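Q: I'm new to this one, could you walk me through it?
A: Gladly; have a look here before we start.

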Amino acid sequence: MTMLDSNVVTGVAVGVAGFGSGIALAYFAENQIVRAEQRGSDVLSDSTKAKMSAMFMEDEVMPETGLDETVRRMEEALAKAKGEDATEEKKEEESERPAKVPKDDGW
């Protein structure tokens, strides 16, 4: 009762090929992630990894990366380039700065 003409065979072949290539692409992408972790690649910083994991997890806290953090890292890089020690200045600034209060999410 079933008739297999060239259109049905072509459609099934395209569907199977598309499914197989999708599986192969997902397998390849997962292997690239594992290989990058084995190499110790620094493409993603720790803060970026934490942000990405916090987006999808309820119990994960997103790290605070405001303007203060960026300025602090820039000052440390400049001090390191000049050969100075920025840790003493950092300790003095932290003692003067008030503690940050977490934002209320409304619940």
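Q: Which residues form a nonpolar patch on the surface?
A: The patch is formed by Leu-4, Val-8, Val-9, Val-12 and Val-16, which together have about 470 Å² of accessible area.

Q: Take Val-12, then: why does it count as exposed?
A: Val-12 counts as exposed because its relative accessibility is 51%, and the cut-off for exposed is over 50%. Val-12 lies in helix 1, which covers residues 6-39.

Q: How far does helix 1 reach?
A: With its 34 residues, helix 1 reaches 48 Å from its first C-alpha to its last, which is close to the 50 Å expected at 1.5 Å a residue. Just after helix 1 comes Gly-40, which takes a positive phi of about 75°.

Q: Switching topic, how many helices and strands are there?
A: The chain has four helices and zero strands, so the pattern read along the sequence is α-α-α-α.

Q: Where is confidence lowest, and where is it highest?
A: Confidence is lowest in helix 4, residues 87-96, with a mean of 60, and highest in helix 1, at 92. Over the chain, pLDDT averages 76, and 66% of the residues score at least 70. Where pLDDT is low, the predicted coordinates should not be read in detail.

Notes. Residues are numbered from 1 along each chain as its sequence is written. This is a predicted model: local features need pLDDT of at least 70, side-chain atom pairs count only at pLDDT 80 or more; totals for chains, interfaces and linings use all residues. Side-chain values use heavy atoms; hydrogens and water are left out. Helices (H or I, at least four residues) and strands (E, at least two) are DSSP runs, numbered from the N terminus. Patches are made of residues with over 30% relative accessible area and no salt bridge: like charges are joined within 9 Å, nonpolar side chains (Val, Leu, Ile, Met, Phe, Trp, Tyr) within 5 Å. Accessible areas come from the Shrake-Rupley method with a 1.4 Å probe; for residues, only the protein chains shown count as cover. A salt bridge is a side-chain nitrogen of Lys or Arg within 4 Å of a carboxyl oxygen of Asp or Glu. Buried means under 20% relative accessible area, exposed over 50%, partly exposed in between (1.4 Å probe, protein chains only). The expected span of a helix is 1.5 Å times one less than its number of residues. pLDDT is the predictor's confidence in each residue, from 0 to 100.
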